Amino acid sequence: MPVLECKGLSKSYGAKRALDGVDLRVEAGRIVGLLGPNGSGKTTLIKLANGLLTPTQGRILVNGLEPGVETKRAVSYLPERACLPDWMSARDLMGFYGDFYADFDRQAAEDMLSRLGIDLRAGMKSLSKGNREKVQLIMVMARRARLYLLDEPIGGVDPAARDYILNTIISNYNPEASVIISTHLISDVEKVLDDVIFINQGKVVLAAPADELREQQGKSVDQIFREVFRC
Amino acid sequence: MEWTFEGGGPLYAQIVAAVKLAVASGELKPGERVPGVRELALEAGVNPNTMQRAMAELEREGLLYSQRTAGRFVTEDAGTVAAARRELAEGYVRTFLDAMRRLGLEKDEIHKLLEAEKEEQNAGTGM
């Protein structure tokens, strides 16, 4: 059974079609890049998968189920914008995540935080933007989920923080789970991707294994992206 | 190992080529244990599935072998290492000759250049 499946999935905001007849399957054990320019529908697709939005038409299934209480147990979501209460410390956050999610692995979170040298008692407010983003990613990746939805995890951080974030994704790899990374920064993520999905104006324009694309076209995914989305 | 990747071409094939070079050049010694897929994936900054695919290919080509519990090792077969070295060397020669032909150089000009370069290098090292 695929971890995520979309069948004729559409979402409209008033007259605007944000997603238009999307058909997709994401299998277990894959790290998938959801790639498209700004406003192409990436965030809408992610919000449909975690039940923050409901489809206008078609279906979206997580582990074969419509988004709901059951699927939320299995989905770990990193929103595009930081959403952590800034008065909380890393220790508070671990308690918070542990209370909300039975699959939260506190030991794993503590290990990752200590490797970063983050003071567990310091409030989020006192951390740099890069460190706040890393802490949030750690909370998300420390869950033993089946589906990780990471919305622009590397937007707006410096290259060293970007490497840290990508390494964290690789080192938490689990063959039973899938990771979906939405971004328009293709060259930074393409090495960690199994599969790529190009999305434009609400439609999937290309979905294929990354190495297959490189082999067939003799180009990097970044180059192919630039050609597909040439303005 | 140092890992660098180029734009085009599948990543797994680039990993296969890099490991082959390390074995052929002796950077990886016969019988040496190779780190696990996860560790290598982190080191190279690639997906574990990609690294796994490259390791499987290297095993298929006989450059690496795995022992069920102990891990994965560099081949101890001198013939396999020599063949890999020869294959890589031929590749470099082909690339070199292609570049020379594109520059419009003839065979004896290429030979002369090689001889001149060899003498210069010998002089440089005082041999």
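This is a predicted model: local features need pLDDT of at least 70, side-chain atom pairs count only at pLDDT 80 or more; totals for chains, interfaces and linings use all residues.

User: In chain B, in which helix is confidence lowest?

Analyst: Chain B has a mean pLDDT of 91, and 98% of its residues score at least 70. Confidence is highest in helix α3 (residues 48-60) of chain B, at 96. At the other end, with a mean of 88, is helix α5 (residues 107-125) of chain B.

User: What area is buried between domain 1 of chain B and domain 2 of chain B?

Analyst: Domain 1 covers 11-77 and domain 2 covers 79-125 of chain B. Their C-alpha centres are 28 Å apart. Nine residues from domain 1 of chain B and eight residues from domain 2 of chain B make the contact. Carbon and sulfur atoms give 63% of the buried area, which is about 760 Å².

User: Which residues in domain 1 of chain B lose the most area to domain 2 of chain B?

Analyst: By class, the domain 1 side of this contact has four nonpolar, two polar and three charged residues. Together, 60% of what that side buries comes from K20(B), A24(B) and D77(B).

User: With which residue does E87(B) form a salt bridge?

Analyst: Between the two domains of chain B there are five residue pairs in polar contact, and the salt bridge count is one. In the salt bridge of E87(B), the closest N and O atoms are 3.3 Å apart, which is within the 4 Å cut-off. The partner of E87(B) is K20(B).

Definitions and conventions: Residues are numbered from 1 along each chain as its sequence is written. Chains are lettered from A and ligands numbered from 1 in the order in which they are written. Side-chain values use heavy atoms; hydrogens and water are left out. Domain bounds come from an automatic or database domain assignment. Contact means heavy atoms within 4.5 Å. Buried area is the accessible area (1.4 Å probe) that two parts lose on being put together, summed over both. A salt bridge is a side-chain nitrogen of Lys or Arg within 4 Å of a carboxyl oxygen of Asp or Glu. A polar contact is a pair of N or O atoms within 3.5 Å; within protein, one must be able to donate a hydrogen and the other to accept it, and residues adjacent in sequence count only if both atoms are side-chain atoms. Ala, Val, Leu, Ile, Met, Phe, Trp, Tyr, Cys and Pro count as nonpolar, Asp, Glu, Lys and Arg as charged, and the others, Gly among them, as polar. pLDDT is the predictor's confidence in each residue, from 0 to 100. Helices (H or I, at least four residues) and strands (E, at least two) are DSSP runs, numbered from the N terminus.
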